[in-house]
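Subject: A structure for you to look at

Hi there,

Here is the structure I promised to pass on. Have it open while you read my notes.

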Amino acid sequence: MKRFFHQLGSPKHFYRIAGRWIPWLGLACVLFLLAGLYQGLVVAPTDYQQGDSYRIMFVHVPAAWMSLFIYVVMAAAGAIGLIWHMKLAEVVAIASAPIGASFTFLALVTGSIWGKPMWGAWWVWDARLTSELILLFLYLGVIALHNAVEDKRTAARATSILAIVGVVNIPIIHYSVEWWNTLHQGPTVTKFDAPSIDMRMLIPLLLMAVAFKLFYATVLLMRARVEVLERERNTRWVRELVSQS
Amino acid sequence: MNLNEFLHMGGYAAYVWSSYGLAAVVLAANVLAPMRQRRRLLRRLAQRERRARRNP
């Protein structure tokens, strides 16, 4: 086990191991996605208040969860990179940023599409929506800062600090529906008593959430592999790999 | 339930299907972007390798 982690820390072995995991993670993701889509679009009953429009939830809510989850992973990886100078953590942090940004974008736009028929407006400046929009800007800031700094390691340090500072936004987003009076509905799944949601609706939601997590793992490894290859471009193993291909 | 009814989504077809369509686009872009970057990088590194071999 210790040897496994030590090897994972070495870029060469990470590249090899990640390459082996990607197809399996991708396959698992597709299976969960298909099951979630079937359960969500076919099996789950029509909502008595929102009709079939509520089915947007099965992409909107997992996307919103991922937008927060990926941010925390990015900031944690950034912190590990800062403290222990672990290169692989820096790679994970910067590879997470565009994925997180795209999930935040997806959550915002699907929320907007859901808001139009339910609230009568595409957008309202309410606490939940505004704090999620700030999250998108934080991701974009991290990406822009990383691209602006030439040296990869300096760039990683700068972006990690920005990502860590931005973590204050995460609890604000999470509790925004409780702290402020908002149009956005309150939590229905993570309430500590029994979740106030029908089982036939909860199952597809959880399947989609797992599918999105697996998706993140898959594309994170894909991006991290490219980043490792670029950072290690002057080492022997990369030059050998290039000559062989 | 027939197919028409399913596609109709109780009158919310435009909202539901545009959401799922956008999700499909975002997921596909996330898979294609690293594949393209990898291809480009490998091509660039291979060029560099060839040049280095020609004039050592």
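Below is what I found in it.

This is a predicted model, where local features need pLDDT of at least 70, side-chain atom pairs count only at pLDDT 80 or more, and totals for chains, interfaces and linings use all residues. Residues are numbered from 1 along each chain as its sequence is written, while chains are lettered from A and ligands numbered from 1 in the order in which they are written.

Chain A has 9 helices and 0 strands (DSSP runs numbered from the N terminus: H or I of at least four residues for helices, E of at least two for strands). Its C-alpha trace spans about 65 × 35 × 30 Å along the principal axes. Of its 245 residues, 38% count as buried, meaning that 20 or more other C-beta atoms, placed from the backbone, lie within 10 Å of the residue's own.

Now look at helix α4 (residues 87-119) and helix α5 (residues 127-148) of chain A: their axes come within 9 Å and cross at roughly 150°. The axes are lines fitted to C-alpha atoms over the stretch in contact, with angles from 0 to 180 degrees between N-to-C directions. Because of that angle, α4(A) is roughly antiparallel to α5(A) (over 145 degrees). Among the residues that meet are A:Ile94 and A:Phe105 in α4(A), and A:Leu129 and A:His146 in α5(A).

Finally, the contact between the chains takes 30 residues from chain A and 24 residues from chain B; two residues are in contact if their C-beta atoms, placed from the backbone, lie within 7 Å.

Happy exploring!

Notes:
Parallel < 35°, antiparallel > 145°, perpendicular 65-115°, else oblique. Buried ≥ 20, exposed ≤ 12 C-beta atoms within 10 Å, placed from the backbone.
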